[in-house]
Amino acid sequence: MSTTSQQYDQVISTCRDLFTKKMADYGSAWRILRLPSLTDQIFIKAQRIRGLQTLAESKVDEGQESEFIGIINYSIMALIQLEKGVVEQPDLNLEQATELYDKHVAITKQLMMDKNHDYGEAWRDMRVSSLTDLILQKLLRVKQIEDNAGKTIVSEGLEANYQDMVNYAVFAMIHLTSTTE
C-alpha cells in the first residue's frame with residue numbers, strides 16, 4: 001500500500017499545485033459558492049468525463065485528467081465550505097486556504113487508506129469508466145441530501161460523499177497516468 005500512498009500523493013500534488021496557482025490568480029472567490037453550486041461544478045466535470053469516455057470525438061482539447069483534477073479540487077473546496085460555511089466576500093489568503101486544503105486532503109487520504117486496507121485495493125481492478133459512474137452516483141446522492149436540507153436518516157452525509165468523490169477521482173488519475181507512462 002505504500003505504492004498507493006505515493007501515487008495518491010503525486011496526484012494530489014498536481015491538484016494542489018493548480019489550486020494554489022488559481023488562488024494566486026483569483027483569490028478565494030470560490031468561498032462565496034454554496035454547496036449546490038460546487039456540487040453542480042463537480043457534476044459538469046463528471047458528465048464531461050462520461051461523454052469523453054463514450055463519444056468517438058471531442059471538440060474541446062482537454063482530456064479526462066483535467067476534469068478529474070477539477071473534481072478533486074471542487075470536492076476539497078466543498079469540504080472546506082462544510083467546515084467554514086459560505087461567506088459573502090472572499091476571506092482566505094493563499095496560506096489559509098492551502099492549510100485547509102492540506103487538512104482535508106489528509107483526512108480524506110486516511111479514509112482511503114482505511115478503506116483500502118479493508119477492501120484490499122479492489123479499485124485497482126476497476127475501470128476508469130466505473131469510477132466515473134461511482135462519482136456520478138455520489139453526486140446524485142449529494143443532490144438528494146442537499147434537497148433534503150442536508151438531512152439523512154441512515155446514510156452517510158455530505159462530507160463522506162465528497163471524500164469518496166476525491167478518492168475515486170484520485171484512483172482514476174492513478175489509472176490514467178499509469179497506463180500512459
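Lys143 lies over the face of Phe43, at 4.0 Å from the ring centre, where a charge sits over a ring if NZ of Lys or CZ of Arg is within 6 Å of the ring centre and within 35 degrees of the ring normal. This is a predicted model, in which local features need pLDDT of at least 70 and side-chain atom pairs count only at pLDDT 80 or more, while totals for chains, interfaces and linings use all residues. Residues are numbered from 1 along each chain as its sequence is written, and side-chain values use heavy atoms, with hydrogens and water left out.

Phe43 and Lys143 both belong to the contact between α2 and α5. Helix α2 (residues 35-54) and helix α5 (residues 128-147) pack at an angle of about 155°, their axes being 10 Å apart; axes are lines fitted to C-alpha atoms, for helices over the stretch in contact, and angles run from 0 to 180 degrees between N-to-C directions. That angle makes α2 roughly antiparallel to α5, a term for angles over 145 degrees. By class, this contact of α2 with α5 has eleven nonpolar, five polar and five charged residues, where Ala, Val, Leu, Ile, Met, Phe, Trp, Tyr, Cys and Pro count as nonpolar, Asp, Glu, Lys and Arg as charged, and the others, Gly among them, as polar.

Helix α5 also meets α3: the axes of α3 and α5 come within 13 Å and cross at roughly 35°. Here Gln64, Phe68 and Ile71 of α3 meet Val128, Thr132 and Ile135 of α5, contact meaning heavy atoms within 4.5 Å. The contact of α3 with α5 has four nonpolar, two polar and no charged residues.

Helix α3 (residues 64-84) packs with helix α1 (residues 2-26) as well, at an angle of about 70° and with the axes 10 Å apart. That makes α1 roughly perpendicular to α3, a description used for 65 to 115 degrees. From α1, Val11, Ile12, Thr14, Cys15, Leu18 and Phe19 meet Ile69, Ile72, Asn73 and Met77 of α3, and the residues of this contact divide into eight nonpolar, two polar and no charged.

Methods: Helices (H or I, at least four residues) and strands (E, at least two) are DSSP runs, numbered from the N terminus. Angles under 35 degrees count as roughly parallel, over 145 as roughly antiparallel, 65 to 115 as roughly perpendicular and the rest as oblique.
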